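Take a look at the model below. This report covers a pair of helices, then a sheet, then the confidence of the prediction.

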Amino acid sequence: MSTTAPCSLQLVAMQSLLSNQSLAISALEDLPRLSFPEFFMEAYAQGHTEVVKAMVKCWPFPCLPLGDLTRPPDLGTMKAVLDGLEMLLATKERPSHWQLQVVELRKVYPNIWTRGYHSMARISHPGLLNARPTGSGRSQSSGEQPLWIFMDLTIDRFQNEWQDYLVQWARKRKQRVQLCSRKLQILTGSASTIQKALLLLRLDSIQELGLSKFSRGGTVKTLAPYLGYMKNLQLLSLSRMSASCYTRSPKDSCKFAAHLGQLHHLQELHLHDVLFSSENMPAILRSLKPLKTFSLSSCLLTEDNLRFLSLCSCTSQLKHLRLRSLLMLHFSPEPLQALLENGTHTLETLALEDCDITDSQLSALLPTLSRCSLLGFFSFYGNRLSVASLHNLLNHTARLSHLTRGIYPALLESYSVLDWWHRHIHADSWRFAQVRTGLSQMFREMGPNHKVQICTRFDHRTDRGQFYSLAPDGSWVLTQEALPVLSPLPL
């Protein structure tokens with residue numbers, strides 16, 4: 001069968017049939033299975049909700065991948081889909097050609113609607129379909145085939161209209177419907193709202209969890225018991241959280257840590273703008289197994305915190321490490337040196353960004369940095385680096401055979417004394433032009449396989465930066481680009 005769009009005659013025939021919804025619905029019984037995807041796409045695009053509802057009920061494939069249609073469903077279409085599911089659930093003895101088990105609302109099967117019915121028929125979710133519910137105290141009547149709905153859920157004060165409707169619908173049918181969310185974002189501090197959502201969700205379906213904007217005492221204390229049921233969690237992100245919102249006592253810290261310690265598949269931890277007390281950071285992180293990715297940004301970091309991180313088992317085998325917007329100007333270099341020492345045989349990505357690291361601190365790090373044999377990407381923008389120190393840095397990293405990209409700051413010589421404290425805004429244009437001239441030969445010696453850039457401006461709110469790159473002809477190219485992500489599992 002052709003995988004291209006339906007020909008004009010097919011399209012005209014479908015549109016003609018859809019002009020009479022009652023006739024279109026009655027014709028579904030005799031509609032060939034191979035025509036279902038094209039016919040559904042046309043009914044969906046034209047807003048024929050009654051036809052959509054009828055087609056959902058008798059869908060002849062195991063999965064209905066709504067998320068891969070050209071546009072997401074509006075509230076009217078979502079209601080039609082759920083009405084169709086309601087009729088399917090109410091049918092005790094289903095015809096053998098009614099195959100629907102999974103509604104997929106994420107974008108996970110590119111072009112599936114135009115690749116033909118064979119591709120549609122091969123979609124399956126074997127891992128979860130055979131598993132029993134975990135957590136939330138949910139039960140399921142024996143002998144009943146559950147209906148699975150997969151989506152990326154965001155819990156917020158301002159809910160998406162159709163998402164809110166779907167959640168309410170699933171809550172009323174939780175004995176028959178399994179709601180799964182690979183990526184879960186919680187952007188509200190309301191403990192009751194969070195608890196209601198977690199009681200509904202299939203917790204072992206969650207692989208990425210983002211918690212943000214918590215300010216109320218005990219919010220994470222309410223969340224903590226559910227963490228232990230998220231057996232497949234790989235990424236945890238905490239952002240914009242005060243110390244009081246997740247720990248009101250050392251005992252609370254230990255309870256939270258105990259649940260984190262049950263996350264045996266956790267690979268990534270991202271902490272942004274999280275206020276730790278001197279006691280709870282060690283209490284929380286000590287329980288974690290070795291991570292692949294660790295990111296700490298815009299936090300009030302002490303030298304003792306950094307020293308603890310260098311001794312913590314969770315940072316002992318890192319592949320990706322980012323320390324960003326941390327004031328380290330007056331730190332001794334030893335704790336950071338010890339942290340890098342842990343990764344000399346594992347680190348592939350290292351980002352030490354906007355930390356006010358000085359020439360003398362960098363000099364102490366270079367022997368360890370030069371032994372990070374697998375390092376492929378190094379970002380060092382926003383630090384106090386001179387031309388001489390950059391030259392020394394490049395000499396040490398030249399021996400790293402895997403290093404293909406480096407990002408460095410506009411150097412100290414690019415600023416007047418008065419300009420330095422405004423370096424996030426601009427460098428002196430004349431001074432910076434002179435610095436670039438001197439850097440050209442140094443960068444060319446790095447070879448064509450090593451991309452070197454100077455970052456002169458950056459905005460972490462938008463994750464955008466201004467970069468100067470050396471072109472093959474020796475000229476400098478100015479670009480506005482997204483700041484690089486840390487690892488293959490972005491939020």
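## Two helices in contact

How do the two axes cross? Helix α16 covers residues 387-397, and helix α17 covers residues 429-444. Their axes come within 12 Å and cross at roughly 10 degrees. Angles under 35 degrees count as roughly parallel, so α16 is roughly parallel to α17. The crossing of α16 and α17 is right-handed.

## A five-stranded sheet

Five strands form an open sheet with parallel pairing. Their order is β1-β2-β3-β5-β7. Which strands are at the edges? They are β1 (63-64) and β7 (201-202), and each pairs on one side only.

Strand β5 spans residues 177-180. Two bridges join β5 to β7, and the two strands run parallel. Here Leu 179 stands opposite Leu 201 of β7.

A helix also packs on this sheet: α8, residues 161-172. Helix α8 touches β3 (147-150) and β5. The direction of α8 makes about 140 degrees with that of β5.

## Confidence in the model

The mean pLDDT of the protein chain is 85. Of its residues, 87% reach 70 or more. Residues 1-5 have pLDDT below 50. Beyond near neighbours in sequence, that stretch has seven contacts in the model.

Methods. Residues are numbered from 1 along each chain as its sequence is written. This is a predicted model: local features need pLDDT of at least 70, side-chain atom pairs count only at pLDDT 80 or more; totals for chains, interfaces and linings use all residues. Side-chain values use heavy atoms; hydrogens and water are left out. Axes are lines fitted to C-alpha atoms, for helices over the stretch in contact, and angles run from 0 to 180 degrees between N-to-C directions. Helices (H or I, at least four residues) and strands (E, at least two) are DSSP runs, numbered from the N terminus. Angles under 35 degrees count as roughly parallel, over 145 as roughly antiparallel, 65 to 115 as roughly perpendicular and the rest as oblique. A crossing is left-handed if the near helix is turned anticlockwise from the far one by less than a right angle, and right-handed if clockwise. pLDDT is the predictor's confidence in each residue, from 0 to 100. Contact means heavy atoms within 4.5 Å. Two strands pair if DSSP finds at least two bridges between them.
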